[in-house]
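Reader: Hi! Could you walk me through this one in plain words?
Author: Happy to, here it is.

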Amino acid sequence: MNAPLLQIDSVNKHFGGVAALTDVSLSIQPGEIYGLIGPNGAGKTTFFNLMTGLYTPDSGRFQLDGREYRPTSVHQVAAAGIARTFQNIRLFNAMSALENVMVGRHVRTRNGLWAALSRHRRARDEEAQTRAHAHRLLAYVGLAGFADYRADSLSYGHQRRLEIARALATEPRLLALDEPAAGMNASEKMQLRSLLEKIRDDGHTLLLIEHDVKLVMGVCDRISVLDYGQVIAVGPPAEVRQHPAVIQAYLGASAHV
Amino acid sequence: MLSVPPLYALRFMLLMDGFIQQLLNGLMTGSLYALVALGYTMVYGILRIINFAHGDVLMIGALVGLSVIRLVQATWPALPPVLVLLIATLVAMAFCALLAVVIERVAYRRLRHAPRLAPLISGIGVSLLLQTLAMLVWTRNPQMFPQLLPLEPIEVLAGASAHPAITNATALTTIAIALAVMVALLVLVERTRFGRAMRAVAENPQVASLMGINPNRIIVITFAIGGALAALAGVMMASNYGSAHFYMGFLPGIKAFTAAVLGGIGNLKGAMLGGLLLGLIEALGTGYLGAATNGVFGSNYQDVFAFIVLIAVLVFRPSGLLGERLATRA
Amino acid sequence: MIKSLTPNKRATLGLLLFAVALVLAPWIVGHAGGNTWVRTLDFALLYIMLALGLNIVVGYAGLLDMGFIAFYAVGAYLAALLSSPHLLQQFPALAALLPAGMHTSIWLILPLGALLAAGCGVVLGAPTLRLRGDYLAIVTLGFGEIIRILLRNLDRPVNITNGPKGISQVDPVSLLGVNLGRTQELFGLRLPSVYLYYYLFAALVVLILFACIRLERSRIGRAWVAIREDEDAAQAMGVNTVRLKLLAFAIGAAFGGVSGALFASFQGFVSPESFTLNESIAVLAMVVLGGMGHIPGVILGCVLLAALPEALRASMGPLQQALFGQVLVDPEIIRQLFYGLALILAMLYRPAGLWPKGVAR
């Protein structure tokens with residue numbers, strides 16, 4: 001087995017007296033789509049926020065690409081290589097689709113105050129590259145004709161894709177998606193699934209938090225299941241689907257998926 | 001025993017000339033700040049907005065009170081002054097309760113889901129409007145506010161030091177009324193059905209409406225109570241200082257907001273505590289500063305104290321003294 | 001015909017028209033109303049500089065600064081201290097060092113003013129920028145008031161600011177040997193002082209505009225708007241929001257400082273009462289009503305609101321005279337009434353301003 005891209009060991013987090021996460025461990029291989037599921041309140045969002053720098057764990061270890069990963073503020077997360085999307089789609093509404101993706105390039109570019117004012121050669125080149133890169137990403141997610149559209153004028157499905165394009169612009173090691181299928185109908189979910197698989201096939205690694213168990217079972221390579229803050233099952237979808245603890249957690253005892 | 005170092009400092013402080021005086025001054029201004037802070041904190045608790053026009057409602061209350069006093073004294077000159085003041089206060093409170101309701105309806109209601117800056121800018125507009133209206137009705141000149149409570153100075157602890165502290169009936173009445181009102185409000189919010197409804201709407205308006213509570217009604221009443229309290233503070237402030245003018249609400253408004261933040265915004269007891277505390281900090285602070293620098297840095301820097309407290313609280317303990325620990329970004 | 005041009009060509013045309021208007025304005029206005037109106041135009045340009053600075057803070061980065069006038073005050077007092085006899089009168093030791101008097105050149109005053117103001121911006125911003133929008137507004141308001149109180153009271157124990165009396169006898173600007181405070185003969189034209197100052201201010205407005213436009217279309221500009229639109233999402237994309245907010249504050253403050261320094265030299269006199277909360281609100285109104293984050297809108301807002309007091313004075317006075325036989329209401333009060341109503345109505349019906357940025361579709 002290759003060295004994992006993201007290795008998480010024994011993470012604990014509690015709020016007040018409530019143990020949100022207990023001894024959670026996870027290991028994501030490069031190039032796979034990893035799913036994280038669990039009933040409501042299982043701790044998925046807490047885990048996600050821990051990973052994206054919003055909370056600090058009480059204990060536990062995060063390693064990205066073999067190196068210790070401990071962001072002290074949220075903006076360091078993207079620089080370290082983890083890009084995320086939001087459950088309730090948070091785009092920059094007043095900006096165009098193209099500009100949204102260009103903001104995604106911010107963390108990998110350097111133009112500063114002097115560059116902005118003087119527009120010297122290197123600055124102009126970087127700006128042109130940023131623009132070209134953003135156009136390419138829009139085309140990649142199927143939004144080529146929408147570059148100049150205001151972000152909030154796009155349809156829901158398109159907005160979701162734009163958010164993914166923006167996240168991809170940061171050149172992430174890991175693309176973390178928070179309930180990307182929320183609010184989608186069946187055909188939109190199919191399109192989302194193809195997009196995610198395409199991204200994976202092009203060499204990216206994805207982490208998916210989802211409620212839609214069917215989607216997760218269909219698209220993920222491996223899955224962890226959380227319940228009451230603990231990992232109750234890990235493995236490929238076929239195994240997890242049959243796992244008694246998983247069935248019990250979702251459906252109560254004596255039920256079959 | 002009073003020679004032990006920390007107690008030595010305490011003794012020094014207590015016996016310093018004017019400590020009791022500053023204490024009394026601080027309690028009086030603090031009571032006023034507390035009354036106004038309650039309005040800020042209640043509105044913030046329910047709507048999560050800063051009602052920028054609140055200080056100017058205080059001003060309108062004072063000026064309306066003044067007009068009522070003039071009218072009553074002209075119509076029934078034989079009426080005892082205390083009664084005149086009472087009538088004026090009640091009328092001012094009713095007027096400002098209504099004014100606050102109108103402000104909510106016109107300037108804030110449609111902006112409940114707008115970006116956070118919109119209600120603030122709208123509030124600035126209302127503030128300007130109120131000041132302009134005041135300038136039109138009562139002119140730009142400070143108006144003399146009659147002192148209807150007995151004016152004889154009352155000495156406090158006459159034997160304690162060379163210069164006994166002096167207060168008067170107006171100041172003492174202010175403190176007493178403010179405390180009574182604060183207690184009444186606490187009882188209202190914590191022991192009555194209405195108070196429970198208020199707290200429910202502050203927690204979660206949608207769930208509250210599912211429980212049969214009409215959030216709009218609660219919000220309107222909250223604004224009304226805030227307006228009435230501001231008017232009360234305005235009339236008492238004008239009584240204490242003997243004058244009222246169109247710009248008198250600005251600084252008290254900012255300071256009362258500071259007090260609300262100091263105590264923990266959204267928290268009623270916090271607003272009361274914050275108000276009293278701010279009044280004391282201001283009075284004692286300028287007193288000591290003046291004494292320490294021989295009058296060079298004294299009461300002319302009084303207002304700076306409030307601003308420094310505000311910045312310090314927001315930077316070091318944004319949840320205030322009694323508030324829950326909030327995230328810095330909502 | 002105009003609609004058929006590409007956006008770039010339209011922008012260039014707009015800039016060209018603006019440049020022509022800028023050069024011709026004082027002559028047109030002067031012809032209509034004489035030197036007083038040109039003076040109003042000069043103040044309008046100062047306001048434009050201020051508003052462009054505040055636009056960066058409010059319009060781009062979305063930070064509601066209600067004490068912006070403090071930076072104007074800092075620049076103005078610095079200029080006054082560096083080019084008036086006041087400090088020499090207070091400190092004989094200093095007077096001995098500078099026998100020729102305190103006459104710092106404008107070339108030195110402007111950058112120093114910008115730097116000092118920017119420094120104040122950073123000092124104010126560093127502890128406060130992580131506050132929520134409405135708290136930040138009150139804190140900046142407090143800061144503005146603190147500055148004003150300090151300026152009013154720093155005449156004891158050491159007289160630095162001369163307290164409420166202010167500092168007078170501030171040198172007029174002297175450029176390349178030409179004293180802008182007096183009428184000069186240039187290029188065969190007789191140019192009164194207000195015209196000379198006009199072109200100086202116009203040149204600086206152009207410079208500031210240039211900087212703003214460049215910033216708007218850069219990586220930094222995009223990051224600012226991202227912060228304004230959704231700060232959490234911006235952070236998630238790796239934008240260092242704290243540093244960028246500080247930068248916005250500093251640059252906005254610098255423009256304010258430059259404008260203030262020019263104001264001091266223009267007026268020849270500074271006092272704490274020129275720098276009140278109402279001034280901060282006036283500049284804020286110009287940005288908000290004109291079109292937050294949209295440069296042409298901001299300029300429009302400035303011109304309208306700066307011209308307003310004069311227009312009201314010119315019209316409301318005679319109008320009331322004609323209608324009522326006397327001036328019932330001071331035009332100043334009508335101006336404030338207008339401001340208040342405008343802010344409320346704008347938030348209710350046109351929150352993006354009179355001339356907002358129109359992104360396609």
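Author: Let's start with a term: two residues are in contact if their C-beta atoms, placed from the backbone, lie within 7 Å. This is a predicted model, where local features need pLDDT of at least 70, side-chain atom pairs count only at pLDDT 80 or more, and totals for chains, interfaces and linings use all residues. Residues are numbered from 1 along each chain as its sequence is written, while chains are lettered from A and ligands numbered from 1 in the order in which they are written.

Reader: What's pLDDT, and what does chain C average?
Author: pLDDT is the predictor's confidence in each residue, from 0 to 100. Chain C averages 87, and 97% of its residues score at least 70. The model as a whole scores ipTM 0.91 and pTM 0.87.

Reader: Why does pLDDT matter when I look at the coordinates?
Author: Where pLDDT is low, the predicted coordinates should not be read in detail.

Reader: OK, chains. Which pair has the most contacts?
Author: That is chains B and C, among the 2 pairs of chains that touch. Chain C puts in 34 residues and chain B 36 residues. On the side of chain C that touches chain B, α6 (106-128), α7 (133-153), α12 (277-291) and α14 (331-349) of chain C each supply at least two residues. Helices here are DSSP runs (H or I, at least four residues), strands are runs of E (at least two), and both are numbered from the N terminus.

Reader: Which of those gives the most?
Author: α7(C), with 11 residues. By class, that side of chain C has 22 nonpolar, 6 polar and 6 charged residues. Ala, Val, Leu, Ile, Met, Phe, Trp, Tyr, Cys and Pro count as nonpolar, Asp, Glu, Lys and Arg as charged, and the others, Gly among them, as polar.

Reader: And how many residues of chain A are in contact with chain C?
Author: 31 residues of chain A, which meet 25 residues of chain C. The largest share of chain A's side comes from α3(A), with 4 residues. That side of chain A has 14 nonpolar, 10 polar and 7 charged residues.

Reader: How far apart are the nearest C-alpha atoms of chain A and chain B?
Author: They are 11 Å apart, and the two chains do not touch.

Reader: Switching topic: how is chain A divided?
Author: Into domain 1 (1-81 + 172-257) and domain 2 (92-169), with bounds from an automatic or database domain assignment. Their centres, taken over C-alpha atoms, are separated by 27 Å. Domain 1 of chain A gives 11 residues to the contact and domain 2 of chain A gives 9 residues. On the domain 1 side, α7(A) gives the most, with 4 residues.

Reader: What about the sheet in chain A, what order do the strands take?
Author: The 6 strands run β6-β7-β8-β3-β9-β10 in an open sheet with mixed pairing. Two strands pair if DSSP finds at least two bridges between them. β6 (82-85) and β10 (230-235) of chain A are at the edges with a single partner strand each, so one side of each is left without a neighbour in the sheet.

Reader: Which strands does helix α6 of chain A lie across?
Author: Helix α6 (residues 156-169) of chain A lies across β6 and β7 of chain A, at about 170° to β6(A). Axes are lines fitted to C-alpha atoms, for helices over the stretch in contact, and angles run from 0 to 180 degrees between N-to-C directions.
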